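Please look over the sequence and the structure that follow. The paragraphs after them begin with a charged pair and then widen to the fold as a whole.

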Amino acid sequence: MNDTSLSGKRRLLSALCHGSIFFSALLVSIGIPIAILFVSDDSVIRENAKEALNFHLNIWFYGAIYAVLTALLIGYLLLPLVPIFILLTWILPIIAIVKVIGDPDKAFRYPFIFRVL
């Protein structure tokens with residue numbers, strides 16, 4: 001495979017991994033990076049898929065924590081932070097897509113997340 005097609009493949013699959021969060025909040029959003037992780041043999045694409053999965057897992061984890069805190073009536077104190085959290089769940093994947101399209105040879109790393117994979 002020549003460099004141009006490899007670069008295009010990296011751009012497309014890496015952007016698809018990070019952009020999958022916009023397709024659905026459930027199985028599709030996490031299924032796309034998992035499928036790409038298992039299918040691709042390119043290390044950069046695999047790193048982007050892992051990073052997208054880590055971001056999804058963090059979003060779900062923080063949402064579950066907030067739900068429990070809200071059930072305990074403590075979460076209502078954190079209500080002013082919810083719009084910031086929602087905004088970050090939209091802005092960070094867009095930044096990731098722009099970065100991987102601009103530099104397909106480097107995997108994007110989300111700031112301030114726990115990396116499980």
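Predicted model: local features only at pLDDT ≥ 70, side-chain atom pairs only at ≥ 80, totals over all residues.

With which residue does Lys50 form a salt bridge? The partner is Glu47, and the closest N and O atoms of the two side chains are 3.9 Å apart, a salt bridge being a side-chain nitrogen of Lys or Arg within 4 Å of a carboxyl oxygen of Asp or Glu. Both residues lie in helix H3, 3 residues apart, which is about one turn of the helix. Lys50 is partly exposed, with a relative accessible area of 27%, and Glu47 is partly exposed at 35%; here buried means under 20% relative accessible area, exposed over 50%, and partly exposed in between, with a 1.4 Å probe and protein chains only.

Residues are numbered from 1 along each chain as its sequence is written, and side-chain values use heavy atoms, with hydrogens and water left out.

The protein chain holds 4 helices and 0 strands, and its elements run α-α-α-α from the N terminus on; helices (H or I, at least four residues) and strands (E, at least two) are DSSP runs, numbered from the N terminus. Taken along the principal axes, the C-alpha atoms of the chain fill a box of roughly 55 × 25 × 20 Å. Of the 117 residues, 34% count as buried, and the chain exposes about 7,300 Å², of which carbon and sulfur atoms supply 75%, the areas coming from the Shrake-Rupley method with a 1.4 Å probe, where for residues only the protein chains shown count as cover.

Helix H3 covers residues 43-71, and at 1.5 Å a residue its 29 residues should span 42 Å, which agrees with the 42 Å between its end C-alpha atoms; the expected span is 1.5 Å times one less than the number of residues. At the start of H3, a side-chain oxygen of Asp42 reaches to within 2.9 Å of the backbone nitrogen of Val44. H3 is followed by Leu73, whose phi is positive, near 70°.

By the rule given above, the count comes to 5 salt bridges. One of them joins Asp105 to Arg10, with the closest N and O atoms 2.7 Å apart. Because Asp105 lies in the segment after helix H4 (82-102) and Arg10 in helix H1 (residues 3-19), this pair ties together parts that are 95 residues apart in sequence. Asp105 is exposed, with a relative accessible area of 52%, whereas Arg10 is buried at 14%.

Another salt bridge is formed by the side chains of Arg109 and Glu51, at 3.7 Å from N to O. This pair links distant parts of the chain, with Arg109 in the segment after H4 and Glu51 in helix H3, 58 residues apart. At 49% relative accessibility Arg109 counts as partly exposed, while Glu51 is buried, with a relative accessible area of 2%.

The largest nonpolar core has 11 residues in all, among them Ala15, Phe55, Leu92, Phe108 and Tyr110, a nonpolar core being a set of buried Ala, Val, Leu, Ile, Met, Phe, Trp, Tyr and Cys residues joined through side-chain atoms within 4.5 Å. The elements that give two or more residues to this core are H3 and H4, and the largest share, 4 residues, comes from H4. Tyr110 touches residues including His18, Glu51, Phe55, Leu92 and Arg115, when residues up to four places away in sequence are not counted; contact means heavy atoms within 4.5 Å. A second, separate core of 8 residues includes Cys17, Ile36, Leu37 and Ala49. Among contacts between residues at least 6 apart in sequence, 66% join residues at least 24 apart.

Ile34 lies in helix H2 (residues 27-39) and counts as partly exposed at 33% relative accessibility; its C-alpha atom is separated by 18 Å from that of Phe114, 80 residues apart along the chain. Ser24 is found in the loop between H1 and H2 and is partly exposed, with a relative accessible area of 24%.

Definitions and conventions. Polar contact = N/O pair within 3.5 Å; in protein donor to acceptor, adjacent residues only side chain to side chain.
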